[in-house]
Amino acid sequence: MLNTIGLGVLGVDPITAVYMMSMRLRGERKSRVALFFLSFAVSTILVGTVLAASMGAAAADFLQSVLPDDNSQFWALAEFAVSIVILIWVAKRVFAGSGREKKEPRENAGGALGHVAMGFVFAVTSFTDPTFYAVMLIGGESRSVVTAALLLALWFVVSQCLAMVVYAAIQCNRLDSLAARLDEWEERNLTMFNRVLHGVLVVVAVLLAVDATAYLLTGDYLL
């Protein structure tokens, strides 16, 4: 379960939350937002459960047969690679400034059926997320459809926590208040948040590099 929560954190997706806010700002009724979000949630969990039940176990067995063992040199090289990627990403964020391209919201089809279809389209985008497949494999290893469904539901709740907050705000007529608080928080805390985030990532990169170095020198991992 902790693995699933961790994967959900890694897969946190703000795009759905932004899209639902844009729906409401365009004047869409709360019922239409609910149709979209429920279609997205059900499609993601249902398709993931079916894939885990039908192919997850076989895929898990295959991966176990081809992946290196826990004390393989492969993981040291992988840790070095990940640490370098993290440091490059942080450096680019720090030295490139805060300028970012704003993404245009996707156009939505009209009518209730269009909102359901758009929810399914968003579910399909989940299938490009590596954390989705990781949770699917964990569910497949359990050999239990119920367990796979629960793990995927947990992953969805964690990875779509921002969308769920926006959905609750819309249904409770608190979207304007939420947007105002987010703007206020950004003005006061965004710089500090970025510094903390960058610091944590640098620490993670250093720990990975130290662990890989320890393996190359002693033959054993520290972590």
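**Exercise 1. Is S22 buried or exposed, at what relative accessibility?**

Solution. Start with the value: S22 has 13% relative accessibility, so S22 counts as buried; buried means under 20% relative accessible area and exposed over 50%, with partly exposed in between (1.4 Å probe, protein chains only). Helices here are DSSP runs of H or I with at least four residues, numbered from the N terminus.

A word on the model before we go on. This is a predicted model, where local features need pLDDT of at least 70 and side-chain atom pairs count only at pLDDT 80 or more, while totals for chains, interfaces and linings use all residues. Residues are numbered from 1 along each chain as its sequence is written, and side-chain values use heavy atoms, leaving out hydrogens and water.

**Exercise 2. Find where T44 lies and which residues T44 touches.**

Solution. First, look in helix α3 (residues 30–66), where T44 lies. Finally, list the neighbours: leaving aside residues up to four places away in sequence, T44 touches A123, S126, F132, W155 and F156 (contact means heavy atoms within 4.5 Å).

**Exercise 3. Describe how α6 and α7 pack.**

Solution. Take the axes, which are lines fitted to C-alpha atoms over the stretch in contact, with angles from 0 to 180 degrees between N-to-C directions. Those of α6 (residues 130–142) and α7 (residues 145–159) come within 8 Å and cross at roughly 155 degrees. Therefore α6 is roughly antiparallel to α7 (angles over 145 degrees). Among the contact residues are F132 and M136 of α6, and L151 and W155 of α7.

How values were computed
Helices (H or I, at least four residues) and strands (E, at least two) are DSSP runs, numbered from the N terminus. Angles under 35 degrees count as roughly parallel, over 145 as roughly antiparallel, 65 to 115 as roughly perpendicular and the rest as oblique.
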